[in-house]
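Colleague: Could you take me through how some of the helices pack in this model?

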Amino acid sequence: MKVFLSACALLLAPLCWGQVSNGGYVIFGQNGSVQSNNPDFDNPIRQAPNLQQSREEHQKLVQEQNRRIRASQQPAFEQRRAAWQETQYELLREKAAQQQVVLAQAEASQAVKQRYKQALEHLKQMLEGKKPLQVKEAVFEVEKTFPGNILPYAIYQQPIADWVVKMKRYALRTGQNFDHYQTRANLLCRFFADTIRLSSTQTHYPPTYDFNDPAGEKDYTHFFVSKLLRTNQGQCHSMPLLFKIIADEIGVRTHLSFSPSHSFIKIQDQKGYLYNFETTNGHFTSDKWVIASGYVKRAGIQSRIYLDTLSLRQTIVYCLNDLAQGYAANFGYDAFTDQCAIVMDQHHPGNIWTGLLYANSLTRQCQGAVQKAGYPPFEAMDNFPELKQLFDQRNALYAHIEQMGYLEIPPEPYADWLQSAGKETHELIKKQVTEK
């Protein structure tokens, strides 16, 4: 009822008067009209004072009613206004925060890219002879640059030093001469293969294969040596690198070698003979076993992609490829990855990683050209010379990579092949015993 009376009061506020044709008066308001036939209105002059008084009283009544309405509605209005202002502020703050995040991300990206440039320069100075060729240092430069991988050098270095200390103490406790080359080589292989009781309170556990995202598709840092040092789990990228790093620390001659989708160690004995050591499971293998995977082509061996040994300088080039791939995982293939490929080709001509970097870069350029051309159908490609040229270059490079014998093993056959390494080790031991 209060709401109805209030509405009526508001409707009666802007009244005006007018005479109608039948001599009466009509009250005009916002809600229509009402005609009055009251005889008292026959003489407007006689009724003027009473009419004026009535209008003044009515206006006072309306004003009082309006005041009461405003007073009753004020709290609700203030609440609505406060809520609106809060909403608007939150929207403004959200937009400001979003803008700040965008600016921070852009600034962070530029900072990360700058670190990648610094790491490239560091590895380049190694390759140019301005700094010592050190795999441990090169791996650190690559991994500390990756966004979010906080890696102080002391934390990275300490577990490597611990490996060396444990091997020396074990050699001393078991009466082995650690100064002897073959002792160091044998101990390193054993520490990668066996659980070793070092003392009554300390046991060494060998690294194990990490079956959780071994390809680094969910977390790229699963490829990192620093992750292996932290968790004692790795795969065929990080484990051979760690073996190589520790071997360099203790003066054991080793080389990285490759097969399709895989890397392993070739370790040199004191007579100069090379033996394949599978770091993912601690077994010795042979080139014959690698070829038996079925994915090693003759062309891959002839082009020295597979089963060849990397020199120390070539291993740094391999680390430079890791730097480029880590960059591409965050920013894609661009001028930086092209620059890495140029340096790599200068210091290891014809290596497969340079070709793959260039091929991926051409793929990225083709994607941009397709977008620029308006996504034309394949049949219309000849009408876009720039796109056609990039597309032909890309396909020609991939064809060349295939002709070199490069191939990747699907995950399931790869896992089955690795599990067969134990049988291969037993065959090698049996052969050595027979020959003796």
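Colleague: Is the crossing of H5 and H7 left-handed or right-handed?

Modeller: This is a predicted model, in which local features need pLDDT of at least 70, side-chain atom pairs count only at pLDDT 80 or more, and totals for chains, interfaces and linings use all residues. Residues are numbered from 1 along each chain as its sequence is written, and side-chain values use heavy atoms, with hydrogens and water left out. Helices are DSSP runs (H or I, at least four residues) numbered from the N terminus, and a crossing is left-handed if the near helix is turned anticlockwise from the far one by less than a right angle, and right-handed if clockwise. For H5 and H7, the crossing is right-handed.

Colleague: At what angle do helix H5 and helix H7 pack, and how are they oriented to each other?

Modeller: Axes are lines fitted to C-alpha atoms, for helices over the stretch in contact, and angles run from 0 to 180 degrees between N-to-C directions. Helix H5 (residues 181–193) and helix H7 (residues 238–250) have axes 11 Å apart and pack at about 150 degrees. Angles over 145 degrees count as roughly antiparallel, and H5 and H7 are therefore roughly antiparallel.

Colleague: Is Ser361 buried or exposed?

Modeller: Ser361 lies in helix H12 (residues 352–372). Leaving aside neighbours within four places in sequence, Ser361 is in contact (heavy atoms within 4.5 Å) with Tyr333 and Asp338. Because its relative accessible area is 1%, and buried means under 20%, Ser361 is buried.

Notes
Helix = DSSP H or I, 4+ residues; strand = E, 2+ residues; numbered from the N terminus. Parallel < 35°, antiparallel > 145°, perpendicular 65-115°, else oblique. Buried < 20%, exposed > 50% of the residue type's maximum accessible area, 1.4 Å probe, protein only.
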